[in-house]
Amino acid sequence: MATHMEHSYAFFLGCIAPNRYPGCEASAIKTSAKLGIELLPLKGASCCPAPGAFGSIDLNVWYAMAARNLCLAEEMGKDIALICNGCYKSIWEVNHKLKHNDELRDGVNEVLAEIDMQYKGTINVWHLAELYYDDKICGVKKVADSVTRPLTGTKVAVHYGCHLMKPQKDRHFGDTENPMWLEELVGALGAEPVQYRNKMQCCGAGGGVRGYDLLHALDITNEKLINIKEAGADALTEVCPFCQLQFDRGQVEIAQNFGKKYNLPILHFNELLGLAQGMTPAELAIDLHAVDCTSFLEKIQ
Amino acid sequence: MVEKNYGNPELENKLRDRNYYVTDSNKDFSAEVKKLSGTISHMCYQCGTCTGSCPSAPRSSYRIRVFMRRAILGLEEEALSDPDLWLCTTCYSCSDRCPRDILPTDVIMAMRNLAFKTGHAVPKNFLQTVQLIYKTGHGVPNNDANRAVRERLGLPRDPPTTHTYPEYIPGIQKIIDHYNLKAEADRILSEE
(Lines give C-alpha, C1' and ligand atoms only; values in the text may rest on other atoms or scores of the structure.)
Protein backbone atom coordinates (compact mmCIF):
# COMPACT_ATOMS: atom_id res chain seq x y z
CA MET A 1 0.00 0.00 0.00
CA ALA A 2 1.24 3.43 0.93
CA THR A 3 4.78 4.52 1.40
CA HIS A 4 3.93 5.46 4.96
CA MET A 5 7.49 5.45 6.22
CA GLU A 6 8.67 7.86 3.58
CA HIS A 7 7.30 11.31 4.41
CA SER A 8 8.24 12.84 1.13
CA TYR A 9 5.74 13.57 -1.59
CA ALA A 10 5.44 14.93 -5.09
CA PHE A 11 3.52 18.18 -4.54
CA PHE A 12 0.74 18.52 -7.10
CA LEU A 13 -0.18 22.22 -7.23
CA GLY A 14 -3.15 22.47 -9.58
CA CYS A 15 -4.15 25.94 -10.80
CA ILE A 16 -5.96 28.10 -8.24
CA ALA A 17 -3.41 27.70 -5.45
CA PRO A 18 -0.26 28.64 -7.39
CA ASN A 19 -1.94 31.09 -9.78
CA ARG A 20 -4.52 32.86 -7.57
CA TYR A 21 -3.74 32.12 -3.89
CA PRO A 22 0.03 31.50 -3.76
CA GLY A 23 -0.18 31.79 0.04
CA CYS A 24 -1.81 28.34 0.00
CA GLU A 25 1.21 26.93 -1.80
CA ALA A 26 3.81 28.74 0.33
CA SER A 27 2.10 27.79 3.60
CA ALA A 28 1.72 24.15 2.54
CA ILE A 29 5.46 23.87 1.92
CA LYS A 30 6.46 25.67 5.12
CA THR A 31 3.91 24.18 7.54
CA SER A 32 4.43 20.61 6.35
CA ALA A 33 8.22 20.94 6.67
CA LYS A 34 7.72 21.72 10.37
CA LEU A 35 5.71 18.49 10.65
CA GLY A 36 8.31 16.28 8.99
CA ILE A 37 6.62 16.20 5.58
CA GLU A 38 8.64 17.19 2.55
CA LEU A 39 6.83 18.47 -0.57
CA LEU A 40 8.87 18.16 -3.76
CA PRO A 41 8.10 20.00 -7.01
CA LEU A 42 6.25 17.88 -9.57
CA LYS A 43 7.88 19.23 -12.71
CA GLY A 44 5.73 19.63 -15.79
CA ALA A 45 2.42 18.98 -14.04
CA SER A 46 -0.65 20.60 -15.58
CA CYS A 47 -4.21 21.38 -14.53
CA CYS A 48 -5.58 18.24 -12.86
CA PRO A 49 -7.70 18.80 -15.25
CA ALA A 50 -10.73 20.52 -13.71
CA PRO A 51 -13.19 17.69 -13.01
CA GLY A 52 -16.34 19.75 -13.60
CA ALA A 53 -15.39 22.06 -16.46
CA PHE A 54 -13.18 19.59 -18.30
CA GLY A 55 -14.70 16.23 -17.28
CA SER A 56 -18.14 17.39 -18.37
CA ILE A 57 -16.95 17.65 -21.96
CA ASP A 58 -15.10 14.36 -22.36
CA LEU A 59 -14.35 11.99 -19.49
CA ASN A 60 -11.85 10.03 -21.58
CA VAL A 61 -9.64 13.09 -22.02
CA TRP A 62 -10.04 13.82 -18.32
CA TYR A 63 -8.75 10.31 -17.52
CA ALA A 64 -5.80 10.60 -19.91
CA MET A 65 -4.77 14.09 -18.76
CA ALA A 66 -4.94 13.16 -15.07
CA ALA A 67 -3.02 9.97 -15.86
CA ARG A 68 -0.24 12.04 -17.42
CA ASN A 69 0.12 13.93 -14.13
CA LEU A 70 0.13 10.62 -12.25
CA CYS A 71 2.87 9.29 -14.56
CA LEU A 72 5.13 12.24 -13.68
CA ALA A 73 4.93 11.26 -10.00
CA GLU A 74 5.38 7.58 -10.85
CA GLU A 75 8.59 8.53 -12.63
CA MET A 76 9.72 10.26 -9.41
CA GLY A 77 8.75 7.19 -7.41
CA LYS A 78 6.74 9.37 -5.04
CA ASP A 79 3.17 9.45 -3.78
CA ILE A 80 1.34 12.67 -4.60
CA ALA A 81 0.25 15.15 -1.93
CA LEU A 82 -2.09 17.99 -2.88
CA ILE A 83 -4.06 20.80 -1.26
CA CYS A 84 -7.20 21.14 -3.39
CA ASN A 85 -10.41 19.08 -3.37
CA GLY A 86 -10.90 19.56 -7.10
CA CYS A 87 -7.42 18.21 -7.78
CA TYR A 88 -8.16 15.37 -5.37
CA LYS A 89 -11.24 14.47 -7.41
CA SER A 90 -9.19 14.25 -10.60
CA ILE A 91 -5.89 12.87 -9.40
CA TRP A 92 -7.06 10.55 -6.62
CA GLU A 93 -10.15 9.32 -8.43
CA VAL A 94 -8.52 8.69 -11.81
CA ASN A 95 -5.69 6.85 -10.03
CA HIS A 96 -8.30 4.75 -8.22
CA LYS A 97 -10.31 4.07 -11.37
CA LEU A 98 -7.28 3.15 -13.47
CA LYS A 99 -6.00 0.79 -10.79
CA HIS A 100 -9.29 -1.08 -10.70
CA ASN A 101 -10.53 -0.95 -14.30
CA ASP A 102 -8.39 -2.75 -16.88
CA GLU A 103 -10.41 -1.51 -19.85
CA LEU A 104 -10.01 2.12 -18.78
CA ARG A 105 -6.31 1.68 -18.06
CA ASP A 106 -5.61 0.06 -21.43
CA GLY A 107 -7.46 2.87 -23.21
CA VAL A 108 -5.50 5.53 -21.34
CA ASN A 109 -2.18 3.81 -21.95
CA GLU A 110 -2.89 3.62 -25.66
CA VAL A 111 -3.08 7.42 -25.73
CA LEU A 112 -0.15 7.92 -23.36
CA ALA A 113 2.01 5.71 -25.60
CA GLU A 114 1.80 8.50 -28.20
CA ILE A 115 3.83 10.67 -25.82
CA ASP A 116 6.08 7.85 -24.58
CA MET A 117 4.41 7.54 -21.20
CA GLN A 118 2.77 4.65 -19.43
CA TYR A 119 0.50 4.60 -16.41
CA LYS A 120 1.62 1.81 -14.09
CA GLY A 121 -0.46 2.31 -10.95
CA THR A 122 2.50 2.39 -8.59
CA ILE A 123 1.70 5.40 -6.41
CA ASN A 124 -1.01 6.72 -4.09
CA VAL A 125 -2.58 10.16 -3.84
CA TRP A 126 -3.24 12.07 -0.62
CA HIS A 127 -4.72 15.38 0.46
CA LEU A 128 -2.24 17.12 2.74
CA ALA A 129 -5.03 17.60 5.30
CA GLU A 130 -5.57 13.85 5.57
CA LEU A 131 -1.82 13.37 6.00
CA TYR A 132 -1.87 15.92 8.83
CA TYR A 133 -4.69 13.99 10.48
CA ASP A 134 -3.07 10.59 9.93
CA ASP A 135 -1.25 9.40 13.08
CA LYS A 136 1.08 7.27 10.96
CA ILE A 137 2.33 10.39 9.15
CA CYS A 138 1.68 13.29 11.49
CA GLY A 139 -1.45 13.30 13.65
CA VAL A 140 -3.43 15.94 15.56
CA LYS A 141 -1.04 15.95 18.51
CA LYS A 142 1.98 16.71 16.36
CA VAL A 143 0.03 19.52 14.67
CA ALA A 144 -0.83 20.91 18.13
CA ASP A 145 2.81 20.67 19.23
CA SER A 146 3.91 22.73 16.22
CA VAL A 147 1.76 25.69 17.27
CA THR A 148 3.69 28.71 18.55
CA ARG A 149 0.88 31.27 18.33
CA PRO A 150 -2.34 29.56 19.45
CA LEU A 151 -5.49 30.93 17.81
CA THR A 152 -7.11 31.14 21.24
CA GLY A 153 -10.31 33.15 21.47
CA THR A 154 -11.27 32.73 17.82
CA LYS A 155 -14.24 30.84 16.46
CA VAL A 156 -13.56 29.08 13.19
CA ALA A 157 -16.13 27.35 10.98
CA VAL A 158 -15.06 24.49 8.72
CA HIS A 159 -16.05 23.96 5.10
CA TYR A 160 -15.13 20.42 4.03
CA GLY A 161 -16.08 20.89 0.39
CA CYS A 162 -17.39 18.08 -1.75
CA HIS A 163 -14.75 16.29 -3.73
CA LEU A 164 -12.44 15.21 -0.94
CA MET A 165 -14.89 12.95 0.89
CA LYS A 166 -17.70 12.38 -1.61
CA PRO A 167 -18.84 10.07 -3.09
CA GLN A 168 -18.46 8.30 0.22
CA LYS A 169 -18.62 4.76 -1.15
CA ASP A 170 -15.53 5.27 -3.30
CA ARG A 171 -13.55 7.15 -0.67
CA HIS A 172 -12.12 6.21 2.72
CA PHE A 173 -13.20 9.08 4.97
CA GLY A 174 -16.34 7.58 6.47
CA ASP A 175 -19.30 9.78 7.43
CA THR A 176 -20.05 12.64 5.07
CA GLU A 177 -23.14 13.98 6.88
CA ASN A 178 -21.34 15.40 9.90
CA PRO A 179 -17.61 14.66 9.86
CA MET A 180 -15.52 16.19 12.67
CA TRP A 181 -11.89 15.42 11.79
CA LEU A 182 -11.11 18.87 10.37
CA GLU A 183 -12.65 20.39 13.51
CA GLU A 184 -10.11 18.34 15.50
CA LEU A 185 -7.31 19.87 13.44
CA VAL A 186 -8.75 23.37 13.92
CA GLY A 187 -9.01 22.71 17.65
CA ALA A 188 -5.36 21.65 17.68
CA LEU A 189 -4.47 25.22 16.62
CA GLY A 190 -6.19 26.62 19.70
CA ALA A 191 -9.24 27.94 17.85
CA GLU A 192 -12.78 26.97 18.77
CA PRO A 193 -14.42 25.09 15.88
CA VAL A 194 -18.06 26.13 15.47
CA GLN A 195 -20.90 24.07 14.04
CA TYR A 196 -23.41 25.58 11.65
CA ARG A 197 -26.53 24.59 9.77
CA ASN A 198 -26.04 22.44 6.67
CA LYS A 199 -22.27 22.30 7.13
CA MET A 200 -21.73 19.85 4.28
CA GLN A 201 -23.47 21.96 1.64
CA CYS A 202 -21.47 22.72 -1.50
CA CYS A 203 -19.81 26.16 -1.94
CA GLY A 204 -21.73 26.51 -5.21
CA ALA A 205 -18.80 26.83 -7.60
CA GLY A 206 -18.30 23.23 -8.73
CA GLY A 207 -19.34 21.38 -11.85
CA GLY A 208 -18.65 24.41 -14.01
CA VAL A 209 -21.63 26.23 -12.45
CA ARG A 210 -19.54 29.25 -11.38
CA GLY A 211 -18.69 29.86 -15.03
CA TYR A 212 -22.11 28.86 -16.39
CA ASP A 213 -24.45 30.71 -14.03
CA LEU A 214 -22.60 32.94 -11.55
CA LEU A 215 -25.73 34.19 -9.75
CA HIS A 216 -26.92 30.62 -9.18
CA ALA A 217 -23.51 29.69 -7.74
CA LEU A 218 -23.44 32.82 -5.56
CA ASP A 219 -26.92 32.11 -4.20
CA ILE A 220 -25.65 28.77 -2.87
CA THR A 221 -22.58 30.51 -1.40
CA ASN A 222 -24.83 33.16 0.15
CA GLU A 223 -26.89 30.51 1.94
CA LYS A 224 -23.70 29.06 3.43
CA LEU A 225 -22.48 32.50 4.51
CA ILE A 226 -25.79 33.21 6.29
CA ASN A 227 -25.52 29.93 8.19
CA ILE A 228 -21.85 30.47 9.09
CA LYS A 229 -22.45 34.01 10.29
CA GLU A 230 -25.40 32.85 12.38
CA ALA A 231 -23.07 30.51 14.25
CA GLY A 232 -20.85 33.46 15.19
CA ALA A 233 -17.74 32.37 13.29
CA ASP A 234 -14.79 34.80 13.07
CA ALA A 235 -13.43 33.01 9.99
CA LEU A 236 -14.07 30.09 7.67
CA THR A 237 -11.39 27.54 6.93
CA GLU A 238 -11.40 25.08 4.04
CA VAL A 239 -9.07 22.68 2.24
CA CYS A 240 -9.83 23.69 -1.35
CA PRO A 241 -8.54 26.83 -3.10
CA PHE A 242 -11.51 26.74 -5.49
CA CYS A 243 -13.96 26.83 -2.56
CA GLN A 244 -11.72 29.55 -1.13
CA LEU A 245 -12.07 31.58 -4.31
CA GLN A 246 -15.84 31.11 -4.28
CA PHE A 247 -16.18 32.21 -0.64
CA ASP A 248 -13.55 34.97 -0.81
CA ARG A 249 -14.07 36.64 -4.20
CA GLY A 250 -17.66 35.43 -4.04
CA GLN A 251 -18.31 37.77 -1.10
CA VAL A 252 -17.33 40.72 -3.29
CA GLU A 253 -19.62 39.43 -6.06
CA ILE A 254 -22.43 38.85 -3.56
CA ALA A 255 -22.07 42.45 -2.34
CA GLN A 256 -22.27 43.66 -5.95
CA ASN A 257 -25.18 41.47 -7.00
CA PHE A 258 -27.23 40.95 -3.84
CA GLY A 259 -26.14 43.96 -1.77
CA LYS A 260 -25.16 41.76 1.19
CA LYS A 261 -21.90 42.07 3.10
CA TYR A 262 -20.51 39.43 5.42
CA ASN A 263 -16.83 40.40 5.87
CA LEU A 264 -16.02 36.81 6.73
CA PRO A 265 -12.28 36.06 6.43
CA ILE A 266 -11.62 32.90 4.39
CA LEU A 267 -8.46 30.96 5.16
CA HIS A 268 -7.19 27.71 3.68
CA PHE A 269 -6.31 25.32 6.52
CA ASN A 270 -2.64 25.64 5.52
CA GLU A 271 -2.86 29.41 5.93
CA LEU A 272 -4.54 28.99 9.32
CA LEU A 273 -1.85 26.51 10.36
CA GLY A 274 0.80 28.92 9.06
CA LEU A 275 -0.57 31.68 11.29
CA ALA A 276 -0.64 29.31 14.27
CA GLN A 277 2.96 28.30 13.54
CA GLY A 278 3.98 31.95 13.66
CA MET A 279 4.07 32.88 9.97
CA THR A 280 3.22 36.54 9.31
CA PRO A 281 0.17 37.53 7.23
CA ALA A 282 2.61 38.94 4.65
CA GLU A 283 4.39 35.58 4.37
CA LEU A 284 1.00 34.05 3.60
CA ALA A 285 -0.10 36.77 1.16
CA ILE A 286 -3.29 37.09 3.17
CA ASP A 287 -3.44 40.72 2.03
CA LEU A 288 -4.15 39.32 -1.44
CA HIS A 289 -7.49 37.93 -0.27
CA ALA A 290 -10.54 39.81 -1.48
CA VAL A 291 -12.05 39.87 2.03
CA ASP A 292 -10.00 41.78 4.57
CA CYS A 293 -8.73 39.41 7.27
CA THR A 294 -7.72 42.16 9.73
CA SER A 295 -10.59 41.45 12.14
CA PHE A 296 -9.39 37.87 12.51
CA LEU A 297 -5.70 38.77 12.67
CA GLU A 298 -6.36 41.31 15.44
CA LYS A 299 -7.97 38.60 17.55
CA ILE A 300 -4.84 36.48 17.50
CA GLN A 301 -2.31 39.24 18.15
CA MET B 1 -39.00 -15.84 -9.04
CA VAL B 2 -42.65 -16.62 -8.42
CA GLU B 3 -44.38 -17.59 -11.64
CA LYS B 4 -47.66 -15.74 -11.93
CA ASN B 5 -50.35 -17.62 -13.76
CA TYR B 6 -53.80 -16.10 -13.99
CA GLY B 7 -54.85 -18.07 -17.02
CA ASN B 8 -55.39 -14.83 -18.90
CA PRO B 9 -53.19 -14.70 -22.04
CA GLU B 10 -53.43 -10.92 -22.39
CA LEU B 11 -52.41 -10.27 -18.78
CA GLU B 12 -49.64 -12.87 -18.97
CA ASN B 13 -48.27 -11.16 -22.03
CA LYS B 14 -48.23 -7.81 -20.21
CA LEU B 15 -46.51 -9.28 -17.15
CA ARG B 16 -43.80 -10.82 -19.35
CA ASP B 17 -42.97 -7.45 -20.87
CA ARG B 18 -40.59 -5.56 -18.57
CA ASN B 19 -40.04 -2.48 -20.77
CA TYR B 20 -41.57 0.94 -20.52
CA TYR B 21 -42.91 2.42 -23.72
CA VAL B 22 -42.56 6.08 -24.47
CA THR B 23 -42.85 7.27 -28.03
CA ASP B 24 -39.54 9.13 -28.26
CA SER B 25 -37.45 6.82 -26.10
CA ASN B 26 -34.05 5.61 -27.23
CA LYS B 27 -32.84 2.50 -25.43
CA ASP B 28 -29.30 3.02 -26.72
CA PHE B 29 -29.23 6.29 -24.79
CA SER B 30 -30.03 4.47 -21.53
CA ALA B 31 -27.26 1.97 -22.23
CA GLU B 32 -24.74 4.64 -23.17
CA VAL B 33 -25.46 6.68 -20.04
CA LYS B 34 -25.02 3.56 -17.95
CA LYS B 35 -21.71 2.68 -19.58
CA LEU B 36 -20.21 6.18 -19.53
CA SER B 37 -21.32 6.89 -15.96
CA GLY B 38 -20.27 3.50 -14.64
CA THR B 39 -23.23 3.60 -12.27
CA ILE B 40 -26.37 1.46 -12.05
CA SER B 41 -28.75 4.14 -13.34
CA HIS B 42 -31.48 1.57 -14.18
CA MET B 43 -31.93 0.81 -10.46
CA CYS B 44 -33.54 4.20 -9.73
CA TYR B 45 -37.02 3.91 -8.20
CA GLN B 46 -37.72 7.65 -8.28
CA CYS B 47 -37.84 8.25 -4.51
CA GLY B 48 -36.57 11.83 -4.90
CA THR B 49 -33.88 11.69 -2.19
CA CYS B 50 -31.50 13.07 -4.81
CA THR B 51 -33.58 16.17 -5.55
CA GLY B 52 -34.16 16.67 -1.82
CA SER B 53 -30.38 16.69 -1.25
CA CYS B 54 -29.54 18.94 -4.19
CA PRO B 55 -28.27 22.50 -3.52
CA SER B 56 -29.30 23.56 -7.02
CA ALA B 57 -32.90 22.33 -6.76
CA PRO B 58 -34.28 25.01 -4.38
CA ARG B 59 -33.08 27.84 -6.66
CA SER B 60 -33.89 26.55 -10.14
CA SER B 61 -36.05 24.20 -12.16
CA TYR B 62 -33.21 21.63 -12.16
CA ARG B 63 -34.44 18.30 -10.82
CA ILE B 64 -31.93 15.47 -10.71
CA ARG B 65 -34.75 12.94 -10.28
CA VAL B 66 -36.17 14.03 -13.65
CA PHE B 67 -32.81 13.37 -15.29
CA MET B 68 -32.67 9.92 -13.67
CA ARG B 69 -36.10 9.18 -15.15
CA ARG B 70 -34.93 10.39 -18.55
CA ALA B 71 -31.92 8.07 -18.26
CA ILE B 72 -34.15 5.06 -17.63
CA LEU B 73 -36.76 5.91 -20.25
CA GLY B 74 -34.16 6.79 -22.86
CA LEU B 75 -35.44 10.34 -23.29
CA GLU B 76 -32.31 11.51 -25.03
CA GLU B 77 -33.50 14.73 -26.62
CA GLU B 78 -35.32 15.88 -23.51
CA ALA B 79 -32.23 15.30 -21.37
CA LEU B 80 -29.52 16.67 -23.64
CA SER B 81 -31.30 19.82 -24.78
CA ASP B 82 -32.34 20.87 -21.25
CA PRO B 83 -30.18 23.81 -20.06
CA ASP B 84 -30.69 22.59 -16.47
CA LEU B 85 -28.26 19.77 -17.28
CA TRP B 86 -25.48 22.27 -16.58
CA LEU B 87 -26.71 23.38 -13.13
CA CYS B 88 -25.32 20.37 -11.26
CA THR B 89 -22.44 21.50 -9.02
CA THR B 90 -21.31 17.84 -8.84
CA CYS B 91 -21.42 17.97 -5.03
CA TYR B 92 -22.34 14.27 -4.83
CA SER B 93 -24.82 14.79 -1.97
CA CYS B 94 -27.42 12.90 -4.01
CA SER B 95 -24.91 10.12 -4.58
CA ASP B 96 -24.11 9.74 -0.89
CA ARG B 97 -27.78 9.59 0.06
CA CYS B 98 -29.16 7.44 -2.77
CA PRO B 99 -30.83 4.40 -1.17
CA ARG B 100 -30.24 2.44 -4.39
CA ASP B 101 -26.48 3.08 -4.33
CA ILE B 102 -26.58 4.94 -7.63
CA LEU B 103 -24.31 7.91 -8.40
CA PRO B 104 -26.79 10.35 -10.02
CA THR B 105 -23.96 12.90 -10.28
CA ASP B 106 -22.11 10.60 -12.66
CA VAL B 107 -25.29 10.17 -14.71
CA ILE B 108 -25.26 13.95 -15.20
CA MET B 109 -21.58 13.86 -16.17
CA ALA B 110 -22.29 11.12 -18.72
CA MET B 111 -25.22 13.13 -20.18
CA ARG B 112 -23.02 16.24 -20.45
CA ASN B 113 -20.43 14.19 -22.36
CA LEU B 114 -23.16 12.93 -24.68
CA ALA B 115 -24.55 16.44 -25.15
CA PHE B 116 -21.12 17.56 -26.36
CA LYS B 117 -20.68 14.50 -28.55
CA THR B 118 -24.08 14.86 -30.24
CA GLY B 119 -23.75 18.55 -30.99
CA HIS B 120 -26.16 19.90 -28.37
CA ALA B 121 -25.54 23.33 -26.91
CA VAL B 122 -22.65 23.28 -24.44
CA PRO B 123 -22.02 26.35 -22.24
CA LYS B 124 -19.07 28.43 -23.41
CA ASN B 125 -17.10 28.32 -20.17
CA PHE B 126 -16.61 24.56 -20.44
CA LEU B 127 -15.11 24.89 -23.91
CA GLN B 128 -12.98 27.87 -22.93
CA THR B 129 -11.39 25.76 -20.19
CA VAL B 130 -10.39 23.25 -22.86
CA GLN B 131 -8.77 26.02 -24.90
CA LEU B 132 -6.85 27.41 -21.90
CA ILE B 133 -5.51 24.02 -20.87
CA TYR B 134 -4.50 23.32 -24.47
CA LYS B 135 -2.57 26.56 -24.64
CA THR B 136 -0.96 26.76 -21.20
CA GLY B 137 -1.54 23.44 -19.40
CA HIS B 138 -3.58 25.35 -16.82
CA GLY B 139 -7.34 25.94 -16.64
CA VAL B 140 -6.52 29.03 -14.57
CA PRO B 141 -3.16 30.38 -15.81
CA ASN B 142 -0.75 32.63 -13.92
CA ASN B 143 -0.70 36.43 -14.38
CA ASP B 144 1.71 39.28 -13.67
CA ALA B 145 0.04 40.49 -10.47
CA ASN B 146 0.22 36.96 -9.09
CA ARG B 147 3.85 36.55 -10.23
CA ALA B 148 4.80 39.59 -8.16
CA VAL B 149 3.13 38.13 -5.07
CA ARG B 150 4.79 34.75 -5.62
CA GLU B 151 8.16 36.48 -5.76
CA ARG B 152 7.43 38.31 -2.51
CA LEU B 153 6.63 34.96 -0.86
CA GLY B 154 9.96 33.51 -1.95
CA LEU B 155 8.30 31.27 -4.54
CA PRO B 156 9.47 31.12 -8.16
CA ARG B 157 7.53 33.64 -10.29
CA ASP B 158 5.96 30.74 -12.15
CA PRO B 159 5.09 27.41 -10.46
CA PRO B 160 7.16 24.34 -11.46
CA THR B 161 4.32 23.20 -13.70
CA THR B 162 3.92 23.57 -17.47
CA HIS B 163 4.37 27.29 -16.75
CA THR B 164 8.07 26.74 -15.97
CA TYR B 165 8.46 23.70 -18.22
CA PRO B 166 6.54 24.50 -21.42
CA GLU B 167 8.31 21.57 -23.11
CA TYR B 168 5.56 19.41 -21.56
CA ILE B 169 2.78 21.28 -23.37
CA PRO B 170 3.11 19.49 -26.75
CA GLY B 171 2.45 16.18 -24.96
CA ILE B 172 -0.71 17.61 -23.44
CA GLN B 173 -1.79 18.91 -26.83
CA LYS B 174 -1.24 15.47 -28.34
CA ILE B 175 -3.56 13.90 -25.75
CA ILE B 176 -6.27 16.51 -26.37
CA ASP B 177 -5.85 16.25 -30.14
CA HIS B 178 -6.13 12.46 -29.95
CA TYR B 179 -9.78 13.06 -29.02
CA ASN B 180 -10.12 16.02 -31.37
CA LEU B 181 -11.32 18.06 -28.42
CA LYS B 182 -9.56 21.36 -29.09
CA ALA B 183 -10.64 21.50 -32.74
CA GLU B 184 -14.24 20.84 -31.71
CA ALA B 185 -14.13 23.50 -28.99
CA ASP B 186 -12.66 26.01 -31.46
CA ARG B 187 -15.29 25.20 -34.07
CA ILE B 188 -18.24 25.52 -31.66
CA LEU B 189 -16.98 28.75 -30.10
CA SER B 190 -16.27 30.33 -33.50
CA GLU B 191 -19.82 29.58 -34.65
CA GLU B 192 -21.37 31.43 -31.74
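**Cores and chain B**

Mentor: In the largest nonpolar core, of 152 residues, I80(A), Y132(A) and M111(B) touch the most other members. Helix α3 (residues 59-76) of chain A gives the most to this core, 12 residues. This is a predicted model, where local features need pLDDT of at least 70, side-chain atom pairs count only at pLDDT 80 or more, and totals for chains, interfaces and linings use all residues. Residues are numbered from 1 along each chain as written, chains are lettered from A and ligands numbered from 1 in written order, and side-chain values use heavy atoms, without hydrogens and water.

Trainee: What makes a set of residues a nonpolar core?

Mentor: Its members are buried Ala, Val, Leu, Ile, Met, Phe, Trp, Tyr and Cys residues joined through side-chain atoms within 4.5 Å. Buried means under 20% relative accessible area, exposed over 50%, partly exposed in between (1.4 Å probe, protein chains only).

Trainee: Why does L15(B) count as partly exposed?

Mentor: Its relative accessibility is 40%. That lies between the 20% and 50% limits, so L15(B) is partly exposed.

Trainee: How many of the residues of chain B count as buried?

Mentor: Of 192, 49% do.

Notes: Helix = DSSP H or I, 4+ residues; strand = E, 2+ residues; numbered from the N terminus.
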